Amino acid sequence: MDKIQNKGVLTVGMINSNPPYEYQVNKDGKQNVKGSDVKLIKKIASKLGVKYKIKTMDLDGLLPALQSGKVDMLVTSLSPTPERKKGATFSKVYFRSTNTLVIRKEDKSKYYNDIDQLDDKKIAVVNNSTQQPMIEKSFPNASLTKLSKVTDLALALNNNKVDAFSIDVPTATILLRQNPNLIMTKWRHKDSSLGAAVAMPKSTSKDLVNKVNEVIKSNKTNYEKWVQDSARQVPTD
């Protein structure tokens with residue numbers, strides 16, 4: 001914590017695009033990062049009395065960036081899986097979502113009420129996401145397509161490269177606004193992980209962890225509202 005406060009800047013790693021939690025908005029020719037996770041970062045930086053800087057990257061680059069000291073923490077709806085805990089210290093959970101499966105509207109008669117028919121089809125997920133092990137367990141005979149970004153999911157489904165994709169309900173809601181030819185199925189599955197938490201280096205002091213947890217505790221209800229607000233504000237063009 002002293003190191004961050006001496007710098008006067010909290011450097012945070014975040015996924016390139018994962019609306020409504022984090023997404024890019026072009027304003028006056030500049031790319032600005034928005035979303036519910038950005039609002040949480042602002043609260044953490046304020047608690048520490050510093051400014052903040054966001055570095056965006058692919059999901060696979062998050063933990064390496066944290067471990068190499070390129071960022072001070074990760075605030076990007078990251079789940080504290082046992083594997084990730086080996087290389088990072090996690091805060092308390094600040095959000096837990098529900099997942100769904102999205103299909104093409106033209107396939108509604110096949111899959112909407114009989115989701116088991118997807119068990120031998122192609123299902124897309126974001127690589128290393130919490131949806132990946134969930135789909136592997138729920139649909140053991142399905143062919144899993146692992147993509148690098150959330151936006152790639154709808155693209156793959158629209159281009160008939162997959163038969164469905166899995167993502168959390170708030171993100172699916174946004175993708176359906178952008179892709180009116182897609183539809184959510186009735187299938188729902190609680191996140192099999194503990195939810196989303198802030199990741200910090202293994203060597204992080206208890207003081208810093210406690211400060212982050214204080215922010216999470218006082219903003220848990222706010223965060224749920226931030227997700228809803230962000231889902232309404234994400235550009236659809």
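Tutor: Buried means under 20% relative accessible area, while exposed means over 50%. Please keep in mind throughout that this is a predicted model.

Student: Okay, then is Arg104 buried or exposed?

Tutor: Arg104 has a relative accessibility of 8%, which is under the 20% limit, so Arg104 counts as buried.

Student: Which residue forms a salt bridge with Arg104 at 3.2 Å?

Tutor: That partner is Asp107, with 3.2 Å between the closest N and O atoms, and both Asp107 and Arg104 are buried. Arg104 also meets the side chain of Asp163 in a salt bridge, at 3.9 Å from N to O.

Student: How many salt bridges does the structure hold?

Tutor: The structure holds nine salt bridges. One of them pairs Lys121 with Asp120, whose closest N and O atoms are 3.0 Å apart; here Lys121 is partly exposed at 25% relative accessible area, and Asp120 is exposed at 55%. As for networks, salt bridges with shared partners join Arg104, Asp107, Lys110 and Asp163 into one.

Student: Back to that loop between α7 and β10: is Asn160 buried or exposed?

Tutor: Asn160, which is found in that loop, is exposed, with a relative accessible area of 51%. Its C-alpha atom is separated by 24 Å from that of Asp58, a residue 102 places away along the chain.

Student: Changing topic, what's the strand order in the open sheet of five strands?

Tutor: The order is β9-β8-β10-β7-β11, and the pairing is mixed. The edge strands, each pairing on one side only, are β9 (143-147) and β11, and neighbouring strands are turned by 30° against each other on average, with direction ignored.

Student: How do β8 and β9 run?

Tutor: They run parallel and are joined by five bridges, with Lys122 standing opposite Ser143 in β9.

Student: What lies across those strands?

Tutor: Helix α7 lies across β7, β8, β9, β10 and β11, and runs at about 155° to β10.

Student: What does Leu74 touch?

Tutor: Leaving aside residues up to four places away in sequence, Leu74 touches Val12, Gly13, Leu62, Leu63, Leu66, Ala197, Val198 and Ala199.

Student: Last one: which residue takes a positive phi in the hairpin of β2 and β3?

Tutor: Asp28 does, with phi near 55°, in a hairpin that has two residues between its strands. Strands β2 (residues 23-27) and β3 (residues 30-34) run antiparallel and are joined by five bridges, and Gln24 stands opposite Val33 in β3.

Notes
Residues numbered from 1 in each chain as written. Predicted model: local features only at pLDDT ≥ 70, side-chain atom pairs only at ≥ 80, totals over all residues. Heavy atoms only, no water. Salt bridge = Lys/Arg side-chain N within 4 Å of Asp/Glu carboxyl O. Buried < 20%, exposed > 50% of the residue type's maximum accessible area, 1.4 Å probe, protein only. Pairing = 2+ DSSP bridges. Helix = DSSP H or I, 4+ residues; strand = E, 2+ residues; numbered from the N terminus. Contact = heavy atoms within 4.5 Å. Axes fitted to C-alpha atoms, helices over the stretch in contact; angles between N-to-C directions.
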